[in-house]
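Hi there,

Here is the structure I promised to pass along.

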Amino acid sequence: MKPLSRRNVLVLGGLGVAGTVVGGTGLLWDWDSGSSPVAGPKSVEPQLLRSANGRLQVQLEAAEGQVRIAGRQARALSYNGGLPGPTLFLRPGDRLSLSLRNGLSVATNLHVHGLHVSPEGNSDNVFVAVEAGTGFEYEYLLPENHPPGVFWYHPHHHGMVADQVFGGLYGAIVVEDPNPIPVSRERILVISDVSLDGSGRVQTVSPMDRMAGREGNLVLVNGQLTPRLNVRPLERERWRIINACVSRYLRLRLDGQHLQLLGMDSGRFASPQDVEEIVLTPGNRADLLVTTTAGASILRTLPVDRGAASGMMGGTQVASSGADLLTLNVTGAQAAAPAPVPEQTAPRDLRTATVTARRELTLAMGMGGGGMGSGMMSFTINGNPFDPSRVDVKVRGGSVEEWTLTNTSPMDHPFHLHVWPMQLIEQAGRPVKGVIWQDVVNVPANGSARVRISFDDFAGTTVYHCHILDHEDQGMMGIIEAT
């Protein structure tokens, strides 16, 4: 069977396919010695830091050092020595004070991906450069009506984003529900990938891999390779899943278990949606309920076709490979039936809103031009590579705009807009059923997507870009100013 064709997200029924696995079913491969596999480790989660009395104060140090990856010591980047960094639990209206110390040899900064906060000053300002050996004091104030959901943080210093995220700099953020959803337990699952050489260092990346968008040969869950979870039948767990990969698309299945999707990114459905699989582009998140059935199941990512570089890079096919991610062992006495999930607030629907402006943004790749130099690949939006001195789009605060995102390249591009989420209206020429809000929207190869955006609450300057981070670093990014 061919890998999943280029598409975005949600429900695919009854496929029953199996992907290429890494290290065998539910097993951990000893990448250091190449010896036979051993049983996967018990799952662990990052340190959890929770706000109190409307405030959370956090200290993060970005540094290179010894980090445990896939059961072995590796030389990688991390926040506070952990991979992922700490998980930050917040509530609407909270103030997050975050002190970032740069222990790297190059500049970095921080982006709170998906949070609806100001892009100015010392808030979610991606134009800040925190030089090596220095620090910066960030301050984020969440609106009282900030949507609940799963978000994440990572560096966003232009030209270095892919290397720093691939190296290990990322962590989860959760904005809690005003009314808790009854579950047996909650889990944070940060999925990332990396390639390590024989000495345990993060491998350097070739120009070809940067053009295609790099994918690591180890696919990790919270820094582990195929960890195991032990639960009882009929428990309902809440899995908050983040695709923190630089370029890899995740096509997730957990056959044998009942899955219900609460929402994607910061979007939430009015009621949970039954799903069999979910596709997460880089930067996407899923808020998932898993009601367990006795037996062993494997969370897998199956292969995803993300296009071909026809006429470029020697016609290289670009696809995300499959892998086993974790093993779920469901044994023991049956748990009590979980309480019903309360109805959620119906999401806002901009399809009936007055549109004040319509724009088209064209994402393109080509040989030469665009200031990239002869024989080099150019990555552009509306014909221009990123220029930090140029504002590409000006919008009026409080307005609703409709953007048509057109992709003229033979490769998919996940489009991310900072600060303001997007309602997906149309994809590949077909209207979207229901109300779907995301802050990363897949724009299929030689295709398009149409979104509506309400520029609420904040003025300031920020960016939009392809979330294949190698493409962003090479120029597929623009600046937007809200007044």
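Before the rest, a word on the source. This is a predicted model, in which local features need pLDDT of at least 70 and side-chain atom pairs count only at pLDDT 80 or more, while totals for chains, interfaces and linings use all residues. Residues are numbered from 1 along each chain as its sequence is written, and side-chain values use heavy atoms, with hydrogens and water left out.

**Overall picture**

The protein has three helices and 36 strands. These are DSSP runs numbered from the N terminus, with helices being H or I of at least four residues and strands being E of at least two. Of its 483 residues, 60% count as buried. The accessible surface comes to about 17,600 Å², and carbon and sulfur atoms hold 49% of that; the areas come from the Shrake-Rupley method with a 1.4 Å probe, and for residues only the protein chains shown count as cover. Among contacts in the protein with a separation of 6 or more, 77% are between residues 24 or more positions apart, where contact means heavy atoms within 4.5 Å.

**Back to L289**

L289 sits in strand β20 (residues 285-291). Leaving out residues up to four places away in sequence, L289 touches I181, V183, R236, E237, R238, H258, L259, Q260, L262, P272 and V341.

L261 is another buried residue, at 0% relative accessibility, and belongs to strand β17 (residues 258-264). Its C-alpha atom and that of S271, 10 residues apart along the chain, are separated by 8.7 Å.

**The cores**

In soluble globular proteins, nonpolar side chains tend to be buried together. A nonpolar core is defined here as a set of buried Ala, Val, Leu, Ile, Met, Phe, Trp, Tyr and Cys residues joined through side-chain atoms within 4.5 Å. The largest has 62 residues, and W239, I241, L288, W403, F415, L417 and Y464 touch the most other members. Strand β24 (residues 323-330) gives the most to this core, with five residues. A second, separate core of 28 residues includes A70, A74, I188 and L218.

What does Y464 touch, not counting residues up to four places away in sequence? The list is L361, I381, D392, V393, W403, F415, H416, L417, M477, G478, I479 and I480.

**The largest pocket**

The largest pocket has a volume of about 800 Å³. Its lining consists of 24 residues, with N145, H146, P147, P148 and S266 nearest the centre. By class, the lining has eight nonpolar, 10 polar and six charged residues. Ala, Val, Leu, Ile, Met, Phe, Trp, Tyr, Cys and Pro count as nonpolar, Asp, Glu, Lys and Arg as charged, and the others, Gly among them, as polar. As for the method, on a 1 Å grid over the protein atoms alone, a cavity is a set of points where a 1.4 Å probe fits but cannot get out, while a pocket is an open set with protein on both sides within 12 Å along at least five of seven lines; lining residues have an atom within 4 Å of a point. Grid points are joined across faces, edges and corners, and a volume is the space filled by probe spheres set on the points.

**Backbone details**

The peptide bond from L83 to P84 is cis, with omega near 0 degrees. P84 lies in the loop between β5 (72-79) and β6 (87-90).

V419 has a positive phi, near 75 degrees, and is a residue other than glycine. V419 lies in the loop between β29 (413-417) and β30 (422-427), and counts as buried at 5% relative accessibility. N446 is not a glycine either, with a positive phi of about 50 degrees. N446 is in the loop between β33 (440-443) and β34 (448-454) and counts as exposed, at 58% relative accessibility.

R452, in strand β34, is buried with a relative accessible area of 10%. The C-alpha atoms of R452 and E402 are separated by 4.4 Å, with the two residues 50 apart along the chain.

Best wishes

Note on methods. Buried means under 20% relative accessible area, exposed over 50%, partly exposed in between (1.4 Å probe, protein chains only).
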